[in-house]
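Please read it alongside the sequence and the coordinates.

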Amino acid sequence: MAKKHLQELRLLGLTIAYYRKLQGYTQIELAEKVNISRTHISNIEAPNGTSSVSLNTLFDIADALEVPVKALFEFPGKK
């Protein structure tokens, strides 16, 4: 994986975790809604992780969190 996008992947994971907690979901609950493993959600959200995520999974996560996909890419302070 290119180092070029590591920061964005980390911010994406933190944003997903933020919205998940805002909805009151555990990682297990979100994983079940998205039909992926809890470990995969954990890897996506991990601030030190470098796990990428497919577009289909991102759309499913956004649907489960009831947010537009673009909200997952709105990183405060990032230009």
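In helix H4, which spans residues 55–65, the buried residues are Thr-57, Leu-58, Ile-61, Ala-62, Ala-64 and Leu-65. Seen down the axis of H4, these buried residues fall within an arc of 165°, so they line one face of the helix. The model is a predicted one, and the points below are grouped by topic.

- An α-helix has 3.6 residues a turn, so residues three or four places apart point the same way.
- Leu-55, Asn-56 and Asp-63 are exposed on the other side of H4.
- The buried residues of H4 pack against three helices: H1 (6–23), H2 (27–34) and H3 (38–45).
- After H4 comes Glu-66, which has a positive phi, near 60°.

**Thr-57 within H4**

- Thr-57 belongs to helix H4.
- Its relative accessible area is 14%, and Thr-57 is therefore buried, the cut-off being under 20%.
- When neighbours within four places in sequence are left aside, Thr-57 is in contact with Val-34 and Ile-36.
- Of these two partners, Val-34 falls within the range of helix H2 (27–34).

**Packing of H1 against H4**

- Two packed helices are described by the angle between their axes and the distance between the axes.
- For H1 and H4, the axes come within 10 Å and cross at roughly 25°.
- This angle makes H1 roughly parallel to H4.
- The crossing in which H1 passes H4 is left-handed.
- On the H1 side, the contact is made by Leu-12, Ile-16, Tyr-19, Arg-20 and Gln-23; on the H4 side, by Leu-58, Ile-61 and Leu-65.
- Leu-58, Ile-61 and Leu-65 are also listed among the buried residues of H4.

**Packing of H2 against H3**

- The axes of H2 and H3 come within 8 Å, with a crossing angle of roughly 110°.
- H2 and H3 are therefore roughly perpendicular to each other.
- H2 passes H3 in a crossing that is right-handed.
- H2 contributes Gln-27, Ile-28, Leu-30 and Ala-31 to the contact, and H3 contributes Arg-38, Ile-41, Ser-42 and Glu-45.

- How many salt bridges does the structure hold? There is one salt bridge in the structure.
- This salt bridge joins the side chains of Glu-45 and Arg-20, at 2.7 Å from N to O.
- Glu-45 lies in helix H3 and Arg-20 in helix H1, so the pair ties together parts that are 25 residues apart in sequence.
- Are the two partners buried or exposed? Glu-45 counts as buried at 6% relative accessibility, and Arg-20 is buried with a relative accessible area of 8%.
- Both residues also take part in helix packing: Arg-20 is one of the H1 residues in the contact with H4, and Glu-45 is one of the H3 residues in the contact with H2.

**The segment after H4**

- Glu-74 is placed in the segment after H4.
- With a relative accessibility of 47%, Glu-74 counts as partly exposed.
- The C-alpha atoms of Glu-74 and Arg-10 are separated by 13 Å, while the two residues are 64 residues apart along the chain.

How values were computed:
Residues are numbered from 1 along each chain as its sequence is written. This is a predicted model: local features need pLDDT of at least 70, side-chain atom pairs count only at pLDDT 80 or more; totals for chains, interfaces and linings use all residues. Side-chain values use heavy atoms; hydrogens and water are left out. Buried means under 20% relative accessible area, exposed over 50%, partly exposed in between (1.4 Å probe, protein chains only). Helices (H or I, at least four residues) and strands (E, at least two) are DSSP runs, numbered from the N terminus. The arc is that of the directions from the helix axis to the C-beta atoms. Contact means heavy atoms within 4.5 Å. A salt bridge is a side-chain nitrogen of Lys or Arg within 4 Å of a carboxyl oxygen of Asp or Glu. Axes are lines fitted to C-alpha atoms, for helices over the stretch in contact, and angles run from 0 to 180 degrees between N-to-C directions. Angles under 35 degrees count as roughly parallel, over 145 as roughly antiparallel, 65 to 115 as roughly perpendicular and the rest as oblique. A crossing is left-handed if the near helix is turned anticlockwise from the far one by less than a right angle, and right-handed if clockwise.
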